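Open the model in your viewer and keep the selection panel at hand. This tour goes stop by stop: what to select, then what is there.

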Amino acid sequence: MSRLGGAAAELDTDRRPLVLVWEVTQACGLACRHCRADAKPSRHPDELTTEEGKRLLDDAAEFGDGQLVVLSGGDPLARDDLVDLVAYGDDRGLRMTVTPSGTRSLTPDRVSALADAGARRLALSLDGATRETHDRFRGEESFESTVAAARAARDAGIPLQVNTTVCAATVDELPSIRDRVREFGAVLWSVFFLVPVGRGRVLDPIAPERAELVMEWLHEVAAAERFGVKTTEAPFYRRVGLQRDSLGNDGDARAEAGRGTGVSPPVAGSRSSATRERRTPPGSCRGPPATCGSGPWSRYTGTPICSNRCASPTG
Ligand code: SF4
């Protein structure tokens, strides 16, 4: 049985999947140099036809009412039957969600049509907080389309999810992207740690020590923001959360928190918890977090970590 919270708590993952992702096409109008899906400009001749796709959705519906289905790609908008597929799945009791690419095809009218067809969520990729950084990462112009689609989703009443890749090229901008996620009124920030497959092999991952700091920061974001935070390819997010919970207890719990994780909890004689919790006044951090010493201290590594309110929060 799943140990997830909320509506997913009743889900028996021995009997049905938490989520079904159907990559409906390999076609995409963008050509991001890191594309995991090796997207191409044209649709592949072996893609499922509309009727084959509907039979696939019939099969998905047999898992039970409310099965979550993600229509991904490539760019699902490259299929002209996308709205039809969403409507069909919705009629069959599936929870249909769509992850379109940030192209000029992603117009407010198409977002609105997906909403009318019953799409339950729109997921957009945002890998930089500005046109310059996002488009540089994508190697394409897609920032404006993405922002317009995020606003269109809000206007159409589709809950929005923002997906962000964490790698050496994006990690410094996570705080600013977090601000965008908040501004869009998104319900979920889905943070993908780099999976070096497909063209994703061209990107550099972040070092494990920095990933640990990012995890702690993401837990702070999750606690502070109205939107949820979800990680992919980062199971240690959960371990960091358990350690954070454990550290609220006594010393035995602290010792237990570090056992077998490779990360030591604070020990007697290390910096006091008061020091660890010391906060940097907003904007006052002037140096690299590893040396400035003015941010709150990591409770697990004993190294400084700037808060999400100072200049360089993710270390
Ligand atoms: S938008 Fe997505 S599917 Fe399209 S090329 Fe970029 S990463 Fe690949």
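**Stop 1**

Select Thr165 and Phe192. Phe192, in strand 6, is the bridge partner of Thr165. Bear in mind throughout that this is a predicted model.

Now widen the selection to both strands. Strand 5 covers residues 160-166, and strand 6 covers residues 188-193. The two pair in the parallel sense, over 6 bridges.

Is strand 5 enclosed or open? Of its 7 residues, 6 are buried, so the rest of the structure largely encloses it.

**Stop 2: across to strand 4**

Stay on strand 5 and select its other partner here, strand 4, residues 121-125. Strands 4 and 5 also run parallel, with 4 bridges between them. Leu122 has Leu160 of strand 5 as its bridge partner. Ala123 stands opposite Gln161, again in strand 5.

How many residues of strand 4 are buried? The count is 5 of the 5, so this strand too is largely enclosed by the rest of the structure. Colour its two faces separately. In a regular strand, side chains alternate between the two faces of the sheet. On one side of strand 4 sit Arg121, Ala123 and Ser125; on the other, Leu122 and Leu124. Both faces are covered, and every one of those residues is buried.

**Stop 3: on to strand 3**

Select strand 3, residues 95-98. Strand 3 pairs with strand 4 in the parallel sense, over 2 bridges. Thr97 is the place to look: its bridge partner in strand 4 is Arg121. Then show helix 3, residues 108-117. Strand 3, helix 3 and strand 4 form a right-handed β-α-β unit.

**Stop 4: Val187**

Go to the loop between helix 6 and strand 6 and pick Val187. This residue is partly exposed, with 15 other C-beta atoms within 10 Å. Leaving out residues up to four places away in sequence, Val187 touches Pro159, Leu160, Gln161, Phe227 and Gly228. Draw a distance from the C-alpha of Val187 to that of Glu225. The two residues are 38 apart along the chain, and the separation reads 9.9 Å.

**Stop 5: helix 7**

Select residues 208-224, which are helix 7. Helix 7 has 17 residues. From its first C-alpha to its last it reaches 24 Å, close to the 24 Å expected at 1.5 Å a residue.

Which residues of helix 7 are buried? They are Ala211, Glu212, Leu213, Val214, Met215, Glu216, Trp217, Leu218 and Val221. Show what surrounds them. These buried residues pack against strand 5, helix 6 and strand 6, and also against strand 7 (228-232) and helix 8 (236-246).

**Stop 6: the ligand**

Select the ligand and bring up its surroundings. The residues around it are Cys28, Leu30, Ala31, Cys32, Cys35, Ala37, Ala39, Gly73, Gly74, Asp75 and Ser101. By type, the shell divides into 7 nonpolar, 3 polar and 1 charged.

Zoom in on Gly73 and Gly74. The peptide bond from Gly73 to Gly74 is cis, with omega near 15°. Gly74 sits in the loop between strand 2 (68-72) and helix 2 (82-91).

**Stop 7**

Where is Asp38? Look in the loop between strand 1 (20-23) and helix 1 (50-61). Asp38 is not a glycine, yet its phi is positive, about 50°. The residue counts as exposed, with 12 other C-beta atoms within 10 Å.

Then jump to Glu233, in the loop between strand 7 and helix 8. Glu233 also has a positive phi without being a glycine, at about 60°. With 13 C-beta neighbours inside 10 Å, Glu233 counts as partly exposed.

**Last stop: the whole chain**

Clear the selection and zoom out. The protein has 11 helices and 7 strands. Of its 315 residues, 38% count as buried. Among contacts with a separation of 6 or more, 67% join residues 24 or more positions apart.

Methods:
Residues numbered from 1 in each chain as written. Predicted model: local features only at pLDDT ≥ 70, side-chain atom pairs only at ≥ 80, totals over all residues. Near = placed C-beta within 6 Å. Nonpolar A, V, L, I, M, F, W, Y, C, P; charged D, E, K, R; others polar. Buried ≥ 20, exposed ≤ 12 C-beta atoms within 10 Å, placed from the backbone. Pairing = 2+ DSSP bridges. Expected span 1.5 Å × (residues − 1). Contact = placed C-beta atoms within 7 Å. Right-handed = clockwise from strand over helix to strand, strands pointing away.
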